[in-house]
Amino acid sequence: MDEGKVHDLRNGTRNGGEKRCLCCLPRELLLIVLGYLSVLDYLSFRVVCKCWHSAFSKCSAFISQKQLPRQLPWFMLLRSEEFPEGLHLSQNKQHFLQTTGKFGDLSSQCIYNTDIPELCETRFLLSRHGWLLLFSSKNGCSFLFFLNLFSRARIDIPLIDVDKLWRPVFDVSAPPTSPDCVVFAISCNDFGVEIRTCRRRESTWKSNSFEYHGVSGHVVNTVFVRGIWYCLHERGSFSTFDVVNNCWRFLGLPEGMYRQWSQVNLLSYVIKRGTQVYLCVHGHVFHEVLLEEPLKVTKNFRDRDWQIGLEYQMRSFPHRAFQTLQNEMEVFDTFNGHAWCGDRNVSKYHVIKFRWHHFRSFLTDRCVMDKWSCPPNNKECSTIVAWVEPVWVHPSADLGWMF
């Protein structure tokens with residue numbers, strides 16, 4: 001071997017004195033190395049030394065917004081707060097979710113603390129595609145913005161006063177960096193529906209009001225499928241909004257679906273089989289609804305053995321359930337806002353026990369699942385869990401709503 005070409009791995013130099021380090025590797029090789037790392041590893045990789053930080057910076061834009069293979073979701077711990085009396089005219093209490101600066105990864109269930117201002121005492125609205133939609137109103141200044149949990153990439157969008165909306169549910173048609181992204185907000189009361197949309201590169205929100213008496217409760221979850229937003233209401237009814245034609249329709253209960261108990265919180269999430277999209281709805285009974293008109297129930301509580309296995313695994317071992325469903329559940333952030341909560345008695349030891357929030361079904365009594373759900377009358381539970389897809393977004397000056 002030519003001694004002049006022998007590398008000294010201990011000090012990063014060759015015998016000739018020329019410095020060799022990780023940042024000298026071609027980008028293609030660095031991308032292969034980073035492909036074996038998790039998002040948490042990215043954060044550690046960048047702070048080893050200046051050279052490693054430089055090496056990561058060369059690849060950051062190329063790995064941006066690519067979901068890592070076989071990665072379990074992360075979670076954020078939120079606090080459920082009640083609006084002060086008099087802020088809303090309705091006699092019903094309205095709660096909102098606030099960030100606490102605490103998050104963690106499901107694989108270890110460990111909790112990390114951060115003092116990032118955007119993640120402390122801001123209002124949480126949505127987690128989609130690795131982005132958080134947050135609303136901040138402090139010291140007379142208000143902001144509505146998307147934030148990546150891991151890189152702190154931020155996109156400010158046109159402002160609306162979220163606090164004046166009645167139980168709003170937000171959604172996006174695509175990641176906020178996509179030119180096709182539309183931000184969607186819907187709020188319902190006993191007299192009608194208000195829908196607001198804001199497209200990428202638009203500086204204002206468009207507002208649509210639809211009068212409808214007898215809408216079956218507020219919206220708890222929304223799903224965007226081929227230009228249509230499907231909205232699940234709290235009693236199990238559905239409505240749709242056509243974003244192209246600005247048309248809203250109330251569909252009622254899908255054929256074969258039973259009305260849910262009003263005192264039970266619904267837990268819902270999206271699965272896909274081929275090109276077909278389904279919304280799984282867990283309440284006092286279970287339904288799986290194919291999201292295309294006419295709406296069709298494809299599974300229900302009569303598939304009892306299947307339901308018991310799914311609910312038991314998801315409620316007792318969510319990390320195993322997510323691994324089992326990863327082929328059908330392409331993303332894990334489609335759960336409705338108040339679906340999961342955390343056991344506060346456990347979280348003080350920096351490990352959390354996940355539960356379904358204010359939930360009860362006919363399986364709870366028959367299959368002894370009480371310890372894996374928070375009962376509907378538990379007013380002490382205020383720690384809500386939101387799932388976050390592990391996606392790295394390269395912070396760039398080119399990230400902007402109007403670009």
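**Cysteines to start**

Select Cys 110: this residue is partly exposed, with a relative accessible area of 30% (buried means under 20% relative accessible area, exposed over 50%, and partly exposed in between, using a 1.4 Å probe and protein chains only). Before going on, note that this is a predicted model, where local features need pLDDT of at least 70, side-chain atom pairs count only at pLDDT 80 or more, and totals for chains, interfaces and linings use all residues. Residues are numbered from 1 along each chain as its sequence is written, and side-chain values use heavy atoms, with hydrogens and water left out.

Next, click on Cys 59, which counts as buried at 0% relative accessibility. How many disulfides are there? The count comes to 0, a disulfide being a pair of cysteine sulfur atoms within 2.5 Å.

**Over to strand S19**

Now select residues 276–282, which make up strand S19 (strands are DSSP runs of E, at least two residues, numbered from the N terminus). Here 6 of the 7 residues are buried, so S19 is largely enclosed by the rest of the structure.

Look for Leu 267 opposite His 282 in S19. The S18–S19 hairpin has 2 residues between the strands, and Gly 274 takes a positive phi near 65° there.

Finally, bring up S20, residues 286–290, which runs antiparallel to S19 and is joined to S19 by 5 bridges. Zoom in on Cys 280, whose bridge partner in S20 is Glu 288. S19 and S20 form a hairpin too, with 3 residues between them.

Definitions and conventions: Helix = DSSP H or I, 4+ residues; strand = E, 2+ residues; numbered from the N terminus. Pairing = 2+ DSSP bridges.
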